[in-house]
Amino acid sequence: MFHVKHFDVIVIGAGHAGTEAALAAARRGAMVALVSFREADLGVMSCNPAIGGIGKGHLVREIDAMDGLMGVAGDYSGIQYRLLNRSRGPAVWGPRVQSDRSRYSAFVSRVVKADPRVQLVIGEATDIVIEGTKVGGVVLGDGTRLVSPSVIVTSGTFLRGRIHIGNQVETGGRVDADPADRLGRRIEEIIGQRGRLKTGTPARLRSSTIDWDRLERQDGDTDPVMLSFMNKRPVARQIACGVTATNERTHEIINANLHLSAMRQGNIEGVGPRYCPSIEDKTTRFADKSSHNIFLEPEGLDSDLVYPNGISTSLPADVQDAFIRTITGLESVEIARYGYAIEYDFFDPRALLKTLAVKGIEGLFLAGQINGTTGYEEAAAQGLVAGINAAALSVGGESWTPDRTESYIGVMIDDLVTRGVNEPYRMFTSRAEMRLTLRPDNADQRLTPIATRLGVVSGKRQKAFAEKMEKLERAIGSLQSTRVSKEDFEEFGRPLPKAGVSGSLHDFLRLELDFEAVRNSQNPALRVLDADTQSQVVIEAFYRPYVERQTREVQQLRTMDDVAIPHGLDYSRFASLSAELQQKLSQAQPTTMAEAGRLEGMTPAAMLVLRAHIGLLRKSA
């Protein structure tokens with residue numbers, strides 16, 4: 001050994017999970033070593049240059065509510081804001097930003113380097129020291145030993161990573177980056193239960209060679225919704241993206257060369273993300289569709305690279321050249337880097353506790369794609385939890401196991417450690433039984449008090465949150481104290497649902513009464529409310545009865561595990577269950593609701609549907 005250094009927490013990997021883990025541990029008072037192959041790897045966006053979206057945006061808001069990094073970094077780098085699912089209710093809105101890659105990684109790098117409790121260590125982690133049943137530290141490739149009672153592995157796609165383009169196979173954690181083969185073998189020795197997953201990325205195009213005039217223009221929102229509760233408006237210059245589509249000629253070329261795809265040649269054993277299919281999968285799984293949209297997303301304000309979202313591929317380079325140039329606006333495009341598939345090790349997350357600690361090995365935590373997830377947001381959320389709990393083990397304090405009824409972070413971790421994965425796990429709003437309560441707008445109300453108790457919130461954020469809650473509580477109090485009669489309410493332009501009813505202004509907001517009418521009522525306190533508080537009050541009032549109902553449903557879920565399921569049920573009769581779940585239930589034939597709940601893809605909402613069907617069958621028997 002050449003050097004020995006002591007830390008409270010060691011984090012291996014400086015991607016989205018690693019940086020959140022290191023900073024969360026540091027906020028709890030731990031001295032942290034953040035180990036990375038290269039300094040340039042800090043906060044790198046390996047695939048698409050975007051943060052947030054449906055389900056994922058909820059995670060970003062929750063990370064931000066815990067004073068994490070991703071939301072503020074996303075806002076600093078955001079060059080286009082779009083609130084997805086805006087046509088639906090606020091509970092499933094998906095805040096998303098198109099990011100400038102360089103601005104994002106530069107911001108992350110500055111924050112990490114400025115933290116006095118985080119030391120960046122450049123090198124390859126090749127060994128994890130296990131002393132009995134406890135972690136003792138990490139050994140680097142040059143022999144340096146880092147000693148610590150807590151180690152968090154956030155290795156992303158680097159564990160025995162293999163890059164595939166057609167029949168060409170290269171080693172790598174991503175393009176132009178070495179894999180972590182020795183670390184992968186060592187973790188398999190410690191844990192076992194290894195599997196392989198794969199993901200993919202599209203080619204990168206030269207913006208200057210795209211015929212933008214022939215493309216549909218996609219602008220951002222005129223009233224952008226920030227990722228972080230601490231921000232009110234964008235920092236960077238805002239831009240438009242372009243929209244084009246594949247066509248029948250594109251599909252002909254792809255289909256004629258499917259046998260050359262890395263996935264079709266049998267070179268890849270890993271399972272890919274079903275909800276983010278390659279263009280090869282799209283043309284075969286959706287053969288009836290003559291085109292698929294492509295969103296051309298500039299990678300930065302000063303970059304000439306464009307990310308063509310929608311055509312991930314592992315076809316050979318010459319085939320990529322051919323099919324991409326059949327697409328409107330891309331006929332003369334220059335390809336700066338070809339798309340590829342990447343395959344990597346993951347470990348069964350059922351080997352973890354809900355703290356993300358490995359069962360039976362004190363001090364070893366796993367976070368991110370090593371646990372079978374996909375996406376920056378899922379990784380960052382796990383890193384946050386692992387960092388909080390690793391610091392608690394090292395320097396003392398309360399550990400945190402987020403409950404699925406209080407956060408999407410809790411939903412994800414509960415899904416992972418109880419059900420495992422057979423494909424890369426992606427967050428969706430449908431996974432949460434309490435999704436009317438777990439909204440992006442109230443993530444701080446749910447989690448900032450918890451984060452404050454855990455000691456991971458700065459004074460600045462605590463002050464901002466306290467001021468927000470004071471305004472919100474005052475507004476709700478004013479609304480609840482202002483009583484209105486049927487006649488008064490009709491003056492606002494809305495008849496009551498039934499005669500003789502009276503209540504407060506707060507009660508009536510859930511009927512989607514325009515806040516302007518309420519604000520102009522006799523209550524002077526309502527006339528000075530800012531737009532953010534108005535919006536929050538309306539959302540809270542609207543969802544109140546639904547939240548109460550959902551709370552009752554959750555209580556039902558907690559008491560149904562022992563409910564027996566009749567043998568031989570014909571699940572195809574249960575039209576309200578998806579065809580996929582009908583098939584899985586028919587094959588598994590679970591005997592209890594608890595067994596049904598452990599099936600992959602069996603959401604709490606589906607459990608309630610199944611329980612209702614069983615109840616109806618018993619009544620009719």
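## Report on a predicted protein chain of 621 residues

With 621 residues, a compact globule would have a radius of gyration near 25 Å, and the protein chain agrees, since its value is 26 Å. The radius is taken over C-alpha atoms, and the globule rule is 2.2 Å times the number of residues to the power 0.38. This is a predicted model, in which local features need pLDDT of at least 70 and side-chain atom pairs count only at pLDDT 80 or more, while totals for chains, interfaces and linings use all residues. Residues are numbered from 1 along each chain as its sequence is written, and side-chain values use heavy atoms, with hydrogens and water left out.

**The whole chain**

Along the principal axes, the C-alpha atoms fill a box of roughly 75 × 65 × 60 Å. The protein chain has 19 helices and 24 strands; these are DSSP runs numbered from the N terminus, with helices (H or I) of at least four residues and strands (E) of at least two. Of the 621 residues, 56% are buried. Buried means under 20% relative accessible area, exposed means over 50%, and partly exposed lies in between (1.4 Å probe, protein chains only). The chain exposes about 25400 Å², and carbon and sulfur atoms supply 48% of this area. Accessible areas come from the Shrake-Rupley method with a 1.4 Å probe; for residues, only the protein chains shown count as cover.

Contact means heavy atoms within 4.5 Å. Among contacts between residues at least 6 apart in sequence, 73% join residues at least 24 apart.

**Nonpolar cores**

A nonpolar core is a set of buried Ala, Val, Leu, Ile, Met, Phe, Trp, Tyr and Cys residues joined through side-chain atoms within 4.5 Å. The largest one has 104 residues, of which Val-153 and Leu-364 touch the most other members. Helix 9 (residues 376-395) gives the largest share of this core, 10 residues. Apart from it lies another core, of 20 residues, including Ile-210 and Leu-296. Not counting residues up to four places away in sequence, the contacts of Leu-364 include Val-153, Ile-128 and Ile-190.

**Single residues**

Glu-362 lies in the loop between strand 21 (340-347) and strand 22 (364-366). Beyond four places in sequence, Glu-362 touches Thr-133, Lys-134, Val-135, Pro-149 and Leu-393. Pro-440 is in the loop between helix 10 (408-419) and helix 11 (443-454). Its contacts beyond four places in sequence include His-58, Trp-93 and Phe-229.

Pro-440 counts as buried because its relative accessibility is 4%. Glu-362, at 41% relative accessibility, counts as partly exposed.

Ser-77 lies in helix 3 (residues 70-77). With a relative accessible area of 0%, Ser-77 is buried. Leaving aside neighbours within four places in sequence, Ser-77 is in contact with Gln-98, Ser-99, Asp-100, Arg-103 and Tyr-104.

Gln-589 counts as partly exposed because its relative accessibility is 21%.
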